[in-house]
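Hi there,

Here is the structure I promised to pass on. Have a look at it first, and then read on for my notes.

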Amino acid sequence: VTVVESGGGLVQAGGSLRLSCEVFGRIFRSGAVGWFRQAPGKERETVAAIMWSDSTTYYTDSVQGRFSISRDKAKNTVDLQMNSLKPEDTAVYYCYFAVQSRSWGPWSAYWGQGTQVTVSS
């Protein structure tokens, strides 16, 4: 299973970016999929997640109302729309998928190489 992210970059505070992520490989079922971020000197933080089956979403408090996560079952993709970006959103963003490769098999988590998001003040 391979996860590939795209869409990071440099933006001014108040601007927007859209991150995209696609998963490739043998997948029987997907569970929670989402994005976490890692900034220098800070702990890893799950930013947003969505249940593949019913689209139930989760957002960390600091991005609530500014970020929106969505998934496309047909394309095996998950996107993160980030609006009203702040300098404190600067981090490497990683997309992850929790998947089963076969029926009754174990759940495993996969994530990509990450994409840099830099918000200037």
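Let me begin with Thr60, which touches Glu45, Thr46 and Val47, not counting residues up to four places away in sequence; contact here means heavy atoms within 4.5 Å. Thr60 has its place in the loop between E6 and E7. Helices (H or I, at least four residues) and strands (E, at least two) are DSSP runs, numbered from the N terminus. With a relative accessible area of 11%, Thr60 is buried. For that word the cut-off is under 20% relative accessible area, while exposed is over 50% and partly exposed lies in between (1.4 Å probe, protein chains only).

Before going further, please note that this is a predicted model: local features need pLDDT of at least 70, side-chain atom pairs count only at pLDDT 80 or more, and totals for chains, interfaces and linings use all residues. Residues are numbered from 1 along each chain as its sequence is written, and side-chain values use heavy atoms, with hydrogens and water left out.

Now to the salt bridges. One of Thr60's contacts, Glu45, forms a salt bridge with Arg37, at 2.8 Å from N to O. The term stands for a side-chain nitrogen of Lys or Arg within 4 Å of a carboxyl oxygen of Asp or Glu. Glu45 is partly exposed at a relative accessible area of 25%, whereas Arg37 is buried at 7%. A second bridge joins Arg66 to Asp89, also at 2.8 Å from N to O. That pair links distant parts of the chain, 23 residues apart: Arg66 is in the loop between strand E6 (57–59) and strand E7 (67–72), and Asp89 is in the loop between E8 and E9. Both Arg66 and Asp89 are buried. Together, Arg37, Glu45, Arg66 and Asp89 are linked in a network of salt bridges.

The whole structure has four salt bridges, and another of them pairs Asp79 with Arg18, whose closest N and O atoms are 3.2 Å apart. Because Asp79 lies in strand E8 (residues 77–82) and Arg18 in strand E3, this pair ties together parts that are 61 residues apart in sequence. Asp79 is buried at 16% relative accessibility, while Arg18 is partly exposed at 40%.

How many disulfides are there? The count comes to one, taking a disulfide as a pair of cysteine sulfur atoms within 2.5 Å. The partners are Cys21 and Cys95, with their sulfur atoms 2.0 Å apart. Cys21 lies in strand E3 (residues 17–24) and Cys95 in strand E9 (residues 91–100), so the bond ties together parts that are 74 residues apart in sequence. The torsion about the S-S bond is about -80°, so the disulfide is left-handed. Cys21 is buried at 2% relative accessibility, and Cys95 is buried at 0%.

The largest nonpolar core has 28 residues, and those with the most contacts inside it are Trp35, Phe67, Val78, Leu80, Met82, Tyr93 and Phe97. Such a core is a set of buried Ala, Val, Leu, Ile, Met, Phe, Trp, Tyr and Cys residues joined through side-chain atoms within 4.5 Å. E9 gives the most to this core, with five residues. Leaving aside neighbours within four places in sequence, Leu80 is in contact with residues including Trp35, Val47, Phe67, Ile69 and Tyr93.

Finally, the aromatic side chains. There are four aromatic pairs, where rings of Phe, Tyr and Trp (its six-membered ring) pair if their centres lie within 6.5 Å, and planes under 30 degrees apart count as stacked, over 60 as edge-to-face and the rest as tilted. Phe36 and Tyr96 have ring centres 6.1 Å apart and planes at 35°, so this pair is tilted. Phe36 is in strand E4 and Tyr96 in strand E9, 60 residues apart. Trp52 and Phe97 form another tilted pair, 5.6 Å centre to centre with 55° between the planes, and both residues are buried. Ring pairs also link Phe36, Tyr94, Tyr96 and Trp111 into a cluster.

Two arginines are worth a look here. The charged end of Arg44 sits over the ring of Trp111, 5.9 Å from its centre, and Arg71 lies over the face of Trp52, at 5.9 Å from the ring centre. The rule for this asks for NZ of Lys or CZ of Arg within 6 Å of the ring centre and within 35 degrees of the ring normal.

Best wishes
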